[in-house]
Amino acid sequence: MGEHIIKLPDVGEGVAEAELVEWHVKVGDLVREDSVLAAVMTDKATVEIPSPVDGEILWLGAEIGDTVAIGSPIVRLKVAGEGNVKPDAAGQTAKAEEPAKPAEAKPEAAPAPKPKPAAPAPKAAPAPAPKAAERVSGAPRPEGEKPLASPAIRLRAKEAGIDLRQVSGTGPAGRISHEDLEPFLARGPQFAKASGLARNDSVEDIKVIGLRRKIAEKMSLAKSRIPHITYVEEIDVTALEELRAALNKEKRKGVERPKLTLLPFLMRAMVKAIADQPNINALFDDEAGIIHQHGGVHIGIAAQTPSGLVVPVVKHAEARDLWDCAAELNRLAEAAKSGTASRDELSGSTITITSLGAMGGVATTPVINHPEVAIVGVNKMMVRPVWDGTQFIPRKMMNLSSSFDHRVVDGWDAAVFIQRIKALLETPALIFVD
């Protein structure tokens, strides 16, 4: 029998370290070749680490949430054959892992026992008060009978989650006193049968790891470095919704088209608006003092997944029509939700859209996806009365809440950009005009 050490392999070009986000094994487990041992994350890409050999897990070299350098030992296994560890090295490794034992204390002579004083005669235990026994019984009151108690008693019972209908009062006419509550308080919240207001003093410590840590770091970087300006404008999308419904109903023989949502229209409107203001489609390297203004419009779509927020990127939206934008958007959203999106599909955006769909709220303050300089936020669509000059008429209205890097984008430029998008969405035929 021998030992085999597995080191963290190269998980990506230019990657020097990775965060351990999951163990699939524990010490003592038997694993087969190609069994998944662990999962590590770097730059929002999760990589599984397989075992190259059969064996028994002897040692795990990191805890979940630790950052491990490429090439560091992470697993040691007992294997049939020689393994890849020399016997001397294996012995030294095992010794290093064993905790140091404290020096054994030399036995000392036991001191002579001192004579014990005479024990006092035991006192008879007092008989329990019959009233306390009645109070602990918690016999329910007859149907419809209200418990008598002062406001202070009621507040104390409410905070402790005690149903006063279960408490027998020992005061005049069955009035409940503080003493009547004591046995219930001593027994905990199990007597809160009807009120459901039991106190919960538990505290759960949750370590921030993996994708959640990446999101936290990204948001902290964006808010600490970027002075945000947020611009909110309402859009009348009544005509857009009518056009969208008509296009979704239209069918062509032999042509399968994806269902259109609002986002492909917004993406095409953004492409047209960026053509007039290319400074919005940029990345700002604030350390070098350089603005990288891009010709290609790579739109990130903030998507919520079971693991957290990710931003798949529709590359070169300027070269895609409405249905191509929709198809690529659907493909990326599915890949993001299933966790199969590649690193390339989750990076490279030059401007971002964030949308909470039906939960979008009236207005939001989106955080810019650093190092971009703009993010467009879609809020909830709702029917509102709009004055047309003579009367109020129902219209489908939606707010756009958009944030800009005020170091690069002036307030006037931000307003012009959103007003251009507004004009295109309110007259959607203009989206198709080159």
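In which kind of crossing, left-handed or right-handed, does α7 pass α8? Hi everyone, let's find out together. A quick word on the model first. It is a predicted one, where local features need pLDDT of at least 70 and side-chain atom pairs count only at pLDDT 80 or more, while totals for chains, interfaces and linings use all residues. Residues are numbered from 1 along each chain as its sequence is written, and side-chain values use heavy atoms, with hydrogens and water left out.

Back to our question. α7 passes α8 in a right-handed crossing. A crossing is right-handed if the near helix is turned clockwise from the far one by less than a right angle, and left-handed if anticlockwise. When I say helix, I mean a DSSP run of H or I with at least four residues; a strand is a run of E with at least two, and both are numbered from the N terminus.

Helix α8 covers residues 322-338, and its axis comes within 9 Å of the axis of α7, crossing at roughly 120 degrees. Axes here are lines fitted to C-alpha atoms, for helices over the stretch in contact, and angles run from 0 to 180 degrees between N-to-C directions. That angle makes α7 oblique to α8. Oblique is what remains once you take out under 35 degrees (roughly parallel), over 145 (roughly antiparallel) and 65 to 115 (roughly perpendicular).

Who meets whom? From α7 come Leu-263, Pro-264, Phe-265, Met-267 and Arg-268, and they meet Leu-322, Cys-325, Ala-326 and Leu-329 of α8. Contact means heavy atoms within 4.5 Å.

Now follow α7, residues 262-276, to another partner: helix α9, residues 411-426, with axes that come within 9 Å and cross at roughly 135 degrees. These two helices are therefore oblique as well. This crossing is right-handed too. Among the α7 residues taking part are Phe-265, Leu-266 and Met-270, and on the α9 side we find Phe-417, Arg-420, Ile-421, Leu-424 and Leu-425.

Some of those names come back in the core. The largest nonpolar core has 47 residues, and Leu-266, Ile-351, Ile-353, Phe-417, Ile-421 and Leu-425 have the most contacts inside it. α7 gives the largest share, ten residues. Such a core is a set of buried Ala, Val, Leu, Ile, Met, Phe, Trp, Tyr and Cys residues joined through side-chain atoms within 4.5 Å. Buried means under 20% relative accessible area, exposed over 50%, and partly exposed in between, with a 1.4 Å probe and protein chains only. Take Ile-353: leaving aside neighbours within four places in sequence, its contacts include Leu-263, Leu-266 and Met-270, as well as Val-376 and Val-378.

At Gly-411, in helix α9, things are partly exposed, with a relative accessible area of 28%. Gly-411 and Thr-230 are 181 residues apart in sequence, yet their C-alpha atoms are 9.0 Å apart in space.

Most residues other than glycine have a negative phi, and most peptide bonds are trans. Asp-34, however, has a positive phi near 75 degrees. You will find Asp-34 in the loop between β3 (30-31) and β4 (36-42), and it counts as exposed at 56% relative accessibility. His-316 also has a positive phi, near 50 degrees, and sits in the loop between β14 (313-314) and α8. Last one: a cis peptide bond joins His-370 and Pro-371, with omega about 10 degrees.
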